Amino acid sequence: MNSLPQILHTISYMALPLLFAMVLHEYAHGWVAYRCGDPTAKLQGRLTINPLAHIDPFGTIILPLLCLLMPGGFLLGWAKPVPIDPRNMRQPRRDMALVAAAGPAMNLALAVGSALLFALLLAIDHAIANYWSNSEDTGSLDTWRKMFLLPVAVMAQYSVLINVLLMLFNLLPLPPLDGGRILTSLLPHNAAITLSRVEPYGMFILMGLIILDPQIHVIHTITSTLTHSLSNTILSTAVGLGAGNEP
């Protein structure tokens, strides 16, 4: 188990990026559904970026905290799903694919935006890059860097990691995850009906994959290998933009 100071330190930097990632993911679903003719989310007060409208006590708060407490665990969480009624949509199969894709697309946009923010901070003050490479410790940073620039840079880095993780995880081709709903919308009718029947059991299958992951390495590949590879690619590009020609 991680130490309490380490957990509190991690929470202080991860809480806001994680909250925004989950809330804006759900907002994107509702916004695209509204554009496709379904006002359900708007009528229920869910077409908003107010976090209070989207927080799920277990998925948004308790589960992420449990993940931080578990050694070697991965971060998992969700916001309250936005209500959607495909019957209101102009072309339900096509529109449901667009609605499902909107969440991961928002996470990708947030990851890129966070990386650009990180690049901007590096351009403002190259000392942040020196700290990042452990050539400086926080004791040598002035108050402006220590109290504002550095914390925002750390949150931007976590935001890239969190949003890439949520994007890849939600693209798993398993209903009720977004990837499963995209696949259901794209498959021929009979195959789509067969896959949609999996949805009531989807979370149980997912939990089984998590439990069996030490043997099959499916979740680990997504949460570690692919996530870190894509996150590092985005961040290294940002560092190159922010640091210019500096090594």
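Q: How many helices and strands are in the protein chain?
A: The protein chain of this predicted model contains 10 helices and 0 strands. Its pattern along the sequence is accordingly written α-α-α-α-α-α-α-α-α-α.

Q: What share of the residues is buried?
A: Of its 247 residues, 41% count as buried.

Q: And what about contacts between residues 24 or more positions apart?
A: Such pairs make up 70% of the contacts in the protein chain with a separation of 6 or more.

Q: Where does the kink in helix 3 lie?
A: The kink, of about 30 degrees, is at Leu63, shortly before the proline Pro64.

Q: Which residues of that helix are buried?
A: Leu63 and Pro64 are both buried, and so are Gly59, Thr60, Cys67 and Leu68.

Q: Which residues touch the most other members of the largest nonpolar core?
A: Among its 28 residues, those are Phe118, Phe169, Leu172 and Leu206.

Q: Which helices each supply at least two residues of this core?
A: They are helix 3, helix 4 (92–124), helix 6 (143–170) and helix 10 (218–243). Helix 6 gives the largest share, with 9 residues.

Q: On to rings: how many aromatic pairs are there?
A: The count comes to 0 aromatic pairs.

Q: What lies over the face of Tyr34?
A: Lys42 does, at 5.7 Å from the ring centre.

Notes:
Residues are numbered from 1 along each chain as its sequence is written. This is a predicted model: local features need pLDDT of at least 70, side-chain atom pairs count only at pLDDT 80 or more; totals for chains, interfaces and linings use all residues. Side-chain values use heavy atoms; hydrogens and water are left out. The bend at a residue is the angle between axes fitted to the seven residues ending there and the seven starting there. Helices (H or I, at least four residues) and strands (E, at least two) are DSSP runs, numbered from the N terminus. Buried means under 20% relative accessible area, exposed over 50%, partly exposed in between (1.4 Å probe, protein chains only). A nonpolar core is a set of buried Ala, Val, Leu, Ile, Met, Phe, Trp, Tyr and Cys residues joined through side-chain atoms within 4.5 Å. Rings of Phe, Tyr and Trp (its six-membered ring) pair if their centres lie within 6.5 Å; planes under 30 degrees apart count as stacked, over 60 as edge-to-face and the rest as tilted. A charge sits over a ring if NZ of Lys or CZ of Arg is within 6 Å of the ring centre and within 35 degrees of the ring normal. Contact means heavy atoms within 4.5 Å.
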